[in-house]
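Take a moment to look over the chain below. Then follow this short walk through it.

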Amino acid sequence: MAGASIAAELAQLGGGAIVMLEAEDRPGYHTTGRSAAFWEECYGGPEIVPLTLPSGTWLREHGFLTPRGALYIGRAEDSAAMDAFVARFANSGVSIERLDRASIERHLPGLRPEWCMALWEEACADIDVAGVHQHYLAAARQGGVEQRNRARVSQAERVSDLWHITTEHGDTLRARILVNAAGAWADNVARMAGAAALGIQPLRRTVVQLRTDPLPPVDLPLVLDISGQFYFKPESGRLWLSPHDEEPSPPCDAAPEELAVAQAIDRFEHVVDWRVLGVDRKWAGLRSFAPDRAPVYGFDPGTPGFFWFAGQGGFGIQTAPAAARLGAQLLLGAERDELTQAIDAALYDPARFVLDSR
């Protein structure tokens, strides 16, 4: 999603000749193709809200969102966490409502008695991830972007104000600017290009698809633990469930571990009185975070012509419209527009890590 979206936005703004290099056989094989597929106002924290809200407007206008609603649930011992959550997002622009037990049960039948409080976020929606991705790939092609699959970069060297880039198959190309939209491989690409790695860490996230009795209601909201131990949502008559794990991983083709699957099911069974009949599927993806968990958009302060578009964590898809537009504007020195005018780009500037180290 990162590469496709910024390539499309650069083409739209007249960014010149653009080549998009994809390491795999097809785009979206890794994290983009393994998303839990929801847009949620609070996801990622208050620092991400300025990217999320305008992106939500864009996604709705283009028909990529379906209303779902989100329910953050907690027990009596989670009261302080609930209060802290509400305080954290005060004045951020998100809409949060406290619910009593009776209201919670209307959203989540079969809830066990100890889950007695909740926060309701009505704006949460499902995302048509494949639709958004294909939109950007098509827009990139229409804008003249050349896409090369099976083109993993093996070498990148700056010579006389040009990048000399070589792929594993020996193909070469030259470019004035190298955009690092490599997801879990972002630090690897930086080192290859002679730039300082920023400490972008891939973290594994597991999702399982369950058969349950009863079937999950079609209108079941996205349900999240206020303490960050699980989330689940319905999908085509099944339940998608995650233990909300964040296991450090090298960049790789991530696979689920049985312990994470077992933890997910155990936690779910302590929330509702539904029976788990079986696991239909299980998968894992890598969510890559900078040390401060904010994305990194902008030119590297120490390496000319090297532009970061990385560290999008688990919110890269839901923030793609505003993030890609902002990235393209920063790269080309273009004026802000309605989608990006309220965003403080300094929050995401890679130079912040240089400043922090002084």
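**Charges and overall build**

The chain carries 33 positive and 47 negative side chains. Lys and Arg count as positive, Asp and Glu as negative, while His and the chain ends are not counted. The centres of the two sets lie 4 Å apart, with each charge placed at NZ of Lys, CZ of Arg, CG of Asp or CD of Glu.

This is a predicted model: local features need pLDDT of at least 70, side-chain atom pairs need pLDDT 80 or more, and totals for chains, interfaces and linings use all residues. Residues are numbered from 1 along each chain as its sequence is written, and side-chain values use heavy atoms, without hydrogens or water.

Now the fold. There are nine helices and 20 strands in the chain. These are DSSP runs, numbered from the N terminus: helices are H or I with at least four residues, strands are E with at least two. The chain's radius of gyration is 21 Å, close to the 21 Å from the globule rule for 358 residues, so the chain is as compact as a globular protein of that length. That radius is taken over C-alpha atoms, and the rule is 2.2 Å times the number of residues to the power 0.38.

Next, the inside. Buried residues make up 50% of the 358. Buried means under 20% relative accessible area, exposed over 50%, and partly exposed in between (1.4 Å probe, protein chains only).

Finally, the cysteines. The whole structure has zero disulfides, a disulfide being two cysteine sulfur atoms within 2.5 Å. Cys-124 is buried, at 0%. Its closest cysteine sulfur, in Cys-42, is 9.5 Å away, too far for a bond. Cys-252 is partly exposed, at 28%.
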